[in-house]
Amino acid sequence: MKRILLIIALFIIAKLSGAQEVIWNTSNYQKGIYKTYAEFITNKPSLDYDAFEIQDKKASCGLTSFKTLDVKRFKIKNKEAKKIEGIVGFSDGTHVYINPAALNGLISKTNFYTVEFYQQFAFIEFIKTTTIRNGSYTSNSNDAAKGVFNLNNEKFLN
């Protein structure tokens, strides 16, 4: 009985002390733009969602480019995107979208992919670009990939 009371007390103290809620423990996503990883993890976007136009697009991938993935893109000019710098992701209030290559900065063709949360893990299907070099010849290959991101330690598991 003492153990149960201690667990309940610790739970209440954690809630009252302002322990930050993490995004994977909620289904009420705050509508907005996450500029930093910390904003994303704590579900506290710093930019207004309605200040941007976000488009539904299809991005092709694969050897023949017949396969497509649904992506979201900001309708923005590259000059404006550079002023904003990076965007980790955003939420429309119902779903969360992230860019696995957020550290590369934001451009008009930056793809954002739907995230599915499973405890502290984020599952995403995305387009992975591989550069192939053969002597002086260089080409890029865009392939569909699936990955799991551990949000606790920021490690990507393939």
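1. Accessible areas here come from the Shrake-Rupley method with a 1.4 Å probe, and for residues only the protein chains shown count as cover. On that basis the protein chain exposes about 10,800 Å². Carbon and sulfur atoms supply 53% of that area.

2. Basis of the note. This is a predicted model, in which local features need pLDDT of at least 70 and side-chain atom pairs count only at pLDDT 80 or more, while totals for chains, interfaces and linings use all residues. Residues are numbered from 1 along each chain as its sequence is written, and side-chain values use heavy atoms, with hydrogens and water left out.

3. Elements. Helices (H or I, at least four residues) and strands (E, at least two) are DSSP runs, numbered from the N terminus. The protein chain has three helices and 10 strands. From the N terminus on, their order is α-β-α-β-β-α-β-β-β-β-β-β-β.

4. Burial and contacts. Buried means under 20% relative accessible area, exposed over 50%, and partly exposed in between (1.4 Å probe, protein chains only). Of the 158 residues in the protein chain, 32% are buried. Contact means heavy atoms within 4.5 Å. Take the contacts between residues at least 6 apart in sequence: 42% of them join residues at least 24 apart.

5. The largest core. A nonpolar core is a set of buried Ala, Val, Leu, Ile, Met, Phe, Trp, Tyr and Cys residues joined through side-chain atoms within 4.5 Å. The largest one holds 24 residues. Ile23, Trp24, Phe40, Val96, Val115, Phe117 and Leu151 touch the most other members. Two or more residues each come from α2 (37-42), β2 (54-61), β3 (67-74), β5 (96-98), β8 (121-134) and β9 (137-150). β8 gives the largest share, four residues.

6. Leucine 151. Which residues does leucine 151 contact, leaving aside its neighbours within four places in sequence? They are Ile23, Trp24, Tyr37, Phe40, Ile41, Phe117, Gln120 and Ala122.

7. The second core. A separate core has 11 residues. Among them are Ile33, Ala81, Ile87 and Phe90.

8. Positive phi. Most residues other than glycine have a negative phi. Asparagine 43 has a positive phi, near 60°. Asparagine 43 sits in the loop between α2 and β2. Its relative accessibility is 8%, so asparagine 43 counts as buried.

9. A further case. Glutamine 119 also has a positive phi, near 55°. The loop between β7 (116-118) and β8 holds glutamine 119. Is glutamine 119 buried or exposed? Glutamine 119 is exposed, because its relative accessible area is 61%.
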